[in-house]
Amino acid sequence: MKTTFITGLLFVFSLQLFAQKDTNERAQWFTDTRFGMFVHWGLYSGAEGYWKGEKLRHANDYAEWIYYRNQINRDEYLQLLDRFDWDSIDPEKWVILAKNAGMKYLTITAKHHDGFALWDSQVSEYDLGDHTSPKRDIIKEMAVACKKHGIKLGLYYSHWVDWEHPGGWDHSKEIYNISAEEYDRYWQEKVIPQVRELLTNYGEISLIWFDMWINHSQSIITKEQLVQLKTMIRDLQPTCLVNSRLGLSMEEDPDIDFKTLGDNQLGDKKEDFPWQSPGTVAHSWGFHASDTQWKSTSSLLKALIGNASLNGNFMLNIGPRANGDVPFEISQRLLEMGEWLKVNGKAIYGTQAFDLNKDQHDWGKITCKQEGDLFKLYLHVYNWPLNKKLYLTGVSGNPEKAYLLADKDKASLSFSHNSIYTEVSLPNDQPDPYVSVVVLEYKQRPAAVDGIVAKTVDGGYSLLPGNQSPKPENIEIVSPSEYETIPAHVLVSKSQTFKWKIFVDKAGEKRVDASYSYQGKEVKGKITIRTTESTLEENIHPTGLTVGEPNENWHIDAYKSHRLGSIHFPEPGLYEIEMQVEPGANEPLNFQWIWIK
């Protein structure tokens, strides 16, 4: 069914607002910067994941939890300070590394769950100033270094959990209860005055990063205590950002500045409010001597790009050792990211999401920004197409120019545009070994037309139950199972219709294949594919079983591809593809995909 209402459709989309609108004035710098450093460093850095020869007692191997996991005595824990090489420890080096990595802000663990403060606190003796000679104040040193190098300073403060204070929360108190009054004593004696110190003695603090991963309603903390803390922050430093791990969600309190996702959890949908993923290069946050799970530079760049393409930030952690050294594998990857950002930073800093589905294109992600009189789309190409063609589907405007961001001369790339489809011709060699960026310039922001199945890098169209347009509200997609040897599919037990939209850039014949599993014993039922110009009908054939894993008696339903025939597309344009599945009585079909090429 060839669609004839493209003009009207584009007009509707062009009226939508595209700005990251749910961002308060305080957080504007945050959404512009996109990339920051997290520093986990404290007493636990001296243990390196081991205590008295025993490895951390938990399979997650988070080294910063060793005080709690290995049931260490409070005073013995302090003896870890003997392992610190104070002549070598220079926090400015961490700030310089952040700057060279292209990061714009830095958040350090001023007080982690162990309750030990990295500054000379007058509230508690469990701090660096009382246990170093001469006294060291790492927060002061960080503040000076960040100001010197133009990096915004953030402070991590563990408010909910404190293993040192008798009234603080640690999870053994699920067994040995404390009263609300005892907890409030910790709150008023330590949390409130220590946060006051941090916001009074160290100049501008750009954000405070709290680490309560559940809502206050599930904990001992009261909403009143959290509001007390946030109110004090607003009074002392009105521009300081507060994250959702304070224990108040953005839905509950619109005064929260940004949402924090789970540890190493990347974004999966576009949001208009500010949000951030905290991530690691290694596995542990604090330094762990046995950690070898280093993420690649490519995967880290894709995490940053993926988040930016959905209006999100990425805060990447380093865990320095007790002598201040950053593990080589971490610093190497950060410096490689910094080199990429020197060339491609315009595609990250100050950008926003473009209004297409996050999985619209299989070649990569899109960010965008208004720059002067031009609107720019940045196409982040993860895998350089073998045919040297980049297909962009769902963008209505005709670009003024296409070029590689890495090309200082901005030499024009040839391209063609038809309605909502743009095809860019690429050079043989990709400019960057990690991710290359193609820039499309427009006189004004082009309209985005969602709900169109994009052309894949190999020139076909993959029609899935989940990318229908419109997507049925009641469709149930069965997730992959048996270690994904059984793919995602839809169980069709009675007559069912599926619909997709594709943009065909060239007239001609295209083959149509369908993948499904059908466990009937004989041919029964049929699949019908329709456009306005063509109809295909094919009987449903048994697919039988297959072996999921050899020699393990692992037998599963087979999913096989079947050639249904060919469809003639008489001219370029937007087409609706309709599929009708009519299974045999009491013999359901598991539908996986349609492939058109």
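## Charges

In what follows, Lys and Arg count as positive and Asp and Glu as negative, while His and the chain ends are not counted. Each charge is placed at NZ of Lys, CZ of Arg, CG of Asp or CD of Glu. On that basis, the protein chain has 63 positive and 81 negative charges, and their mean positions are 5 Å apart.

## Model and confidence

This is a predicted model, in which local features need pLDDT of at least 70 and side-chain atom pairs count only at pLDDT 80 or more, whereas totals for chains, interfaces and linings use all residues. Residues are numbered from 1 along each chain as its sequence is written, and side-chain values use heavy atoms, with hydrogens and water left out.

The predictor's confidence in each residue, pLDDT, runs from 0 to 100. Its mean over the protein chain is 94, with 97% of residues at 70 or more. Residues 3-19 have a pLDDT below 50, and this stretch makes 22 contacts in the model beyond near neighbours in sequence; a contact means heavy atoms within 4.5 Å.

## Overall build

You will find 11 helices and 29 strands in the protein chain. These are DSSP runs numbered from the N terminus: helices are H or I with at least four residues, strands E with at least two. The C-alpha trace spans about 85 × 60 × 45 Å along its principal axes. Of contacts between residues at least 6 apart in sequence, 72% join residues at least 24 apart.

Of the 597 residues, 56% count as buried, a word that stands for under 20% relative accessible area, with exposed for over 50% and partly exposed in between (1.4 Å probe, protein chains only).

## Cysteines

Searching the whole structure turns up 0 disulfides, a disulfide being a pair of cysteine sulfur atoms within 2.5 Å. For C146, the closest cysteine sulfur is in C240, 13 Å away and so too far for a bond. Both residues count as buried: C146 has 2% relative accessibility and C240 has 0%.

## Backbone details worth a look

Two cis peptide bonds can be visited here. One joins S133 and P134, with omega about -5°; P134 lies in the loop between β4 (105-111) and α7 (138-149). Another joins S469 and P470, also with omega about -5°, and P470 sits in the loop between β19 (461-463) and β20 (490-492).

E48, not a glycine, has a positive phi of about 60°. This residue is in the loop between α3 (44-47) and β2 (50-51) and is buried at 17% relative accessibility. N551, also not a glycine, has a positive phi near 65°; N551 belongs to the loop between β25 (545-549) and β26 (554-557) and is exposed at 83%.
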